[in-house]
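Good morning. I have a few minutes on one model, so please look at the screen and follow along.

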Amino acid sequence: MTETALANLQNLYRIFTVPEAPDSTLGSVDHAISENVADFLQKHIVALERSLEDIEKDFSTSKIPEEPSFVSAYTEFVKQKLVAQSVHTAAPGFVGHMTSALPYFMLPLSRIMTALNQNLVKVETSKAFTPMERQVLAMLHHLIYRQDDSFYEQWIHDSQHALGAFCSGGTIANATALWVARNQLCRPEGSFAGIAQEGLFKSLQHLNCNGLAILASQRAHYSLGKAVDLLGIGRDNLVLVDTDDDNRIDVDALREEYSKLCEKNIRPLALVGIAGTTETGHVDPLDELADFAAEVGCYFHVDAAWGGPTLFSRTHRHLLNGINRADSVTIDAHKQLYVPMGAGMVLFKDPHSLSAIEHHANYILRHGSKDLGSHTLEGSRPGKAMLVHAGLSIIGRKGYELLIDLGIEKALSFADLINTHPNFELITAPELNILTYRYNPAWLQEKMARLDKEQLQQINLLLDFITQEVQKRQREAGKTFVSRTRLRLARYHGEQISVFRSVLANPLTTTEILTAVLEEQCAIVKQTQVQSFIEKIKQIIV
Ligand SMILES: Cc1ncc(COP(=O)(O)O)c(C=O)c1O
């Protein structure tokens, strides 16, 4: 071996063995990153100076570096090119998305999780992490279904069953639930070996129908579209039912859609209720949906990716009444359980449900083993359940209750601020902690009440430009942030309009910050280009 090759080998060996002492290479790297992150986070939501196109130039080579480099050199790259150009999702003024601040203890615990590098697919690579994940699933199951102690004693560590599946997020959780629903409907029967064995075509022949469908409201998360695509049901058969004025599924419209499916001989595979819609935070009437699902004999899933933790709150949990009647429920831990990105769960009322999607392999996941991988869509998975366990243990039910109650109170006071402000129109009032609004001065709102449909369309189009421009400029300025979406509103003849969307989940967001969000938006409207839209509106109205 040459001297260089030997040095390379020794260095390679070092990167797996250097201890994390403060003065070691890794220690100083870590320190440097922490310092830099702290400095950066104190100042910005987003770095201002560089456009995404410009940033792309730092990540444009497709060649893997030939030679090893120093960790310190790479750290410098991370500091300059990555950290400084990241989004500070924990900033109290970042109230536009579902990603918010993390409790401080998640960081050191994440390091332990990474250091242990457990693989939850099987007990052989996770040991205590498997029972812990099963416990976390049982805790969330209990939050939803409230079974008695003997139920959990029987099922929590049962090798043949699982109370739920831990996964990387709400998308996989929803897909897992609908996979179970599909396989239950198309289960083995007589000479038919089931959809898992024989596929969709033979299943439709067996069920003597022309297709399968999933029913949910227009406000459903787009992950349901991915699920129907993956499950072979077809996007055309994801039936999105109209909502009422409060963005909740219209149960009469649901009945109509169901009848249309029956006429076409299409079998409803599942009905999905939403507890906390992504865009407006509203909760479907879950009890009514459970009644309907029972009436027509269809699987009932609740997507509570966002709103599930509302169950911690004694004041607000009634909003989710009926959730315990669902066959399965999605909850995202990386949303309102304040766990770092990449943690979701789907819980099943019946511990036998997951058997419908069970898979085994000879080298792992053997029949009768407690390996969780036999019941999950994903294979290798990190020990993220540890962070959910930490949150539940350290914050506790009462702590989460406080967080939920605070968020909802804050959303209500932000709605008050908007309602009393002369320049804004509240579009959807908060039921949980999400609301939507737009810039629309009181004088204009007054005039709009007297306009015909065509004039309203013209004005709304110009207001859309204002919403889009203000949101973009506010994001680029990097001081405060709200997101933007489009909603159909009865008050504007069912027309779609652009709105600001605000998510109040960060406990550090104050009324002063929310006032500043509105002030900044008013200041942006005064900028020449945005003002030109106001001038155009005035011309239409005069
Ligand atoms: C209601 C709802 N369901 C599902 C999802 C998907 O979750 P994830 O992004 O974790 O896959 C989201 C994400 O925002 C959501 O709001």
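How many residues does helix 16 have, and how far does helix 16 reach from its first C-alpha to its last? Before I answer, two remarks on the source. This is a predicted model, in which local features need pLDDT of at least 70 and side-chain atom pairs count only at pLDDT 80 or more, while totals for chains, interfaces and linings use all residues. Residues are numbered from 1 along each chain as its sequence is written, and side-chain values use heavy atoms, with hydrogens and water left out.

Now the answer. Helix 16, residues 453-477, has 25 residues and reaches 36 Å, close to the 36 Å expected at 1.5 Å a residue. The expected span is 1.5 Å times one less than the number of residues. Helices here are DSSP runs of H or I with at least four residues, strands are runs of E with at least two, and both are numbered from the N terminus.

What caps the N-terminal end of helix 16? Aspartate 452 does, with a side-chain oxygen 3.2 Å from the backbone nitrogen of glutamate 454. After the helix comes glycine 478, with a positive phi near 75°.

Next, the aromatic rings. Rings of Phe, Tyr and Trp (its six-membered ring) pair if their centres lie within 6.5 Å; planes under 30 degrees apart are stacked, over 60 edge-to-face, and the rest tilted. By this rule there are twelve aromatic pairs. One of them joins phenylalanine 414 and tyrosine 437, edge-to-face, at 5.6 Å centre to centre and 80° between the planes. Phenylalanine 414 lies in helix 14 (residues 396-420) and tyrosine 437 in strand 9 (residues 434-439), so the pair ties together parts 23 residues apart in sequence. Tyrosine 437 also pairs with phenylalanine 500, tilted, at 5.1 Å and 50°. Tyrosine 437 and phenylalanine 500 are both buried, meaning under 20% relative accessible area with a 1.4 Å probe, protein chains only.

Last, the ligand. Which residues are closest to the ligand? Of the 14 that surround it, the closest are Thr171, Thr278, Asp303, Asp332 and His334; a residue counts if one of its heavy atoms lies within 4 Å. An oxygen atom of the ligand is 2.8 Å from an N or O atom in the side chain of threonine 278. Helix 8 (residues 170-185) gives the most to this shell, with three residues.

Definitions and conventions. A polar contact is a pair of N or O atoms within 3.5 Å; within protein, one must be able to donate a hydrogen and the other to accept it, and residues adjacent in sequence count only if both atoms are side-chain atoms. Buried means under 20% relative accessible area, exposed over 50%, partly exposed in between (1.4 Å probe, protein chains only).
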